[in-house]
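Please work through the following exercises with the structure at hand. Each task is followed by a solution in steps.

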Amino acid sequence: MQHAVGSPLPPPHRPGHGPADGWSPAAHHPGAHQGPAPVPPPPPAPPAPPAQGYPAPPPGPTPRPAGVPQAGHPSVPPPDATGHVPLPPGGPVAVPSAPQAPAAPDPAGTTLAVLLIGPAGAGKTSVAKYWADHRRVPTAHISLDDVREWVRSGFADPQTGWNDHSEAQYRLARRTCGFAARNFLANGISCILDDAVFPDRPVVGLGGWKRHVGPGLLPVVLLPGLDIVLERNAERSGNRRLGDEEVARIHGRMAGWYGSGLPIIDNSQLGIPETAAILDDVLARSIASPPAW
């Protein structure tokens with residue numbers, strides 16, 4: 001017994017389109033038994049109408065996913081995003097200007113370049129480290145002796161005799177420290193350098209530091225009494241410990257800083273924190289009225 005069947009259902013009607021191609025209800029007799037008619041793929045939808053007042057964008061290539069290079073073009077690495085500022089060529093640090101406020105300038109919150117001068121045993125390294133550790137802004141400590149001792153094989157030890165070789169290594173260390181200081185300052189980091197600069201050698205000493213770092217370098221002399229220097233030097237070890245006669249000779253040459261116009265701190269009876277606090281006061285005055293050197 002054969003049952004009459006109805007016509008097959010038409011494909012779903014999409015808004016904006018007429019009956020599907022190939023569909024004709026009259027072509028299917030109610031009593032005929034045949035397979036469903038093949039449905040061809042729908043035509044591509046027309047582009048959406050442009051927004052009111054804006055022209056339709058021109059057709060363009062399919063956008064590439066992020067990170068996929070275009071065919072035929074090499075992948076370009078992303079730019080450096082570390083935030084570090086490259087060192088400007090020939091741009092030494094300028095003389096810091098005092099703030100416009102009537103109050104005394106606060107060196108603890110200012111980017112500075114400081115040169116701490118003194119004989120062996122004056123406490124330069126200890127004071128410089130403490131001062132750098134307790135500032136409110138990023139600060140680096142650059143020790144000339146540390147940089148000079150980077151040379152391992154062929155190190156020219158001044159204890160074995162001062163000669164052209166040791167002098168050349170001192171000059172090289174000063175240039176290296178000066179470059180490091182400028183690099184730190186260009187990236188907003190203060191720095192304090194320590195060196196035994198002699199007043200009777202201005203071209204090698206202050207003149208060299210001024211060339212390497214810039215006219216904004218603030219020199220301060222740390223000069224305790226000879227007995228204190230001898231006592232502190234006796235506590236040192238390695239090639240940084242000098243003979244008493246050499247210490248006395250260096251201390252005598254350092255006395256030439258008196259009358260030079262540079263600020264001098266006698267820390268004979270001061271501890272490291274007290275000396276660092278006085279250093280801040282001296283730097284505040286130097287910022288307000290930079291010394292002529």
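The exercises below treat a helix, its packing and the cysteines.

This is a predicted model, in which local features need pLDDT of at least 70, side-chain atom pairs count only at pLDDT 80 or more, and totals for chains, interfaces and linings use all residues. Residues are numbered from 1 along each chain as its sequence is written, and side-chain values use heavy atoms, with hydrogens and water left out.

**Exercise 1.** Determine which residues of helix H1 are buried, and on which side of H1 they lie.

Step 1. Buried means under 20% relative accessible area (1.4 Å probe, protein chains only). In H1 (residues 124-133), Lys124, Val127, Ala128, Trp131 and Ala132 are buried.
Step 2. These residues cover an arc of only 125° around the axis, so they lie on the same side of H1; the arc is that of the directions from the helix axis to the C-beta atoms.

**Exercise 2.** Describe how the axes of H1 and H7 cross.

Step 1. The two axes, lines fitted to C-alpha atoms over the stretch in contact, come within 9 Å and cross at roughly 70°.
Step 2. H1 and H7 are therefore roughly perpendicular to each other, the class for angles of 65 to 115 degrees.

**Exercise 3.** State how many disulfides the structure holds, and examine Cys177 and Cys191.

Step 1. A disulfide is a pair of cysteine sulfur atoms within 2.5 Å; the structure holds zero.
Step 2. The sulfur of Cys191 is 9.8 Å from the closest cysteine sulfur, in Cys177, too far for a bond.
Step 3. Cys177 counts as buried at 1% relative accessibility, and Cys191 counts as buried at 0%.

How values were computed: Buried < 20%, exposed > 50% of the residue type's maximum accessible area, 1.4 Å probe, protein only. Helix = DSSP H or I, 4+ residues; strand = E, 2+ residues; numbered from the N terminus. Axes fitted to C-alpha atoms, helices over the stretch in contact; angles between N-to-C directions. Parallel < 35°, antiparallel > 145°, perpendicular 65-115°, else oblique.
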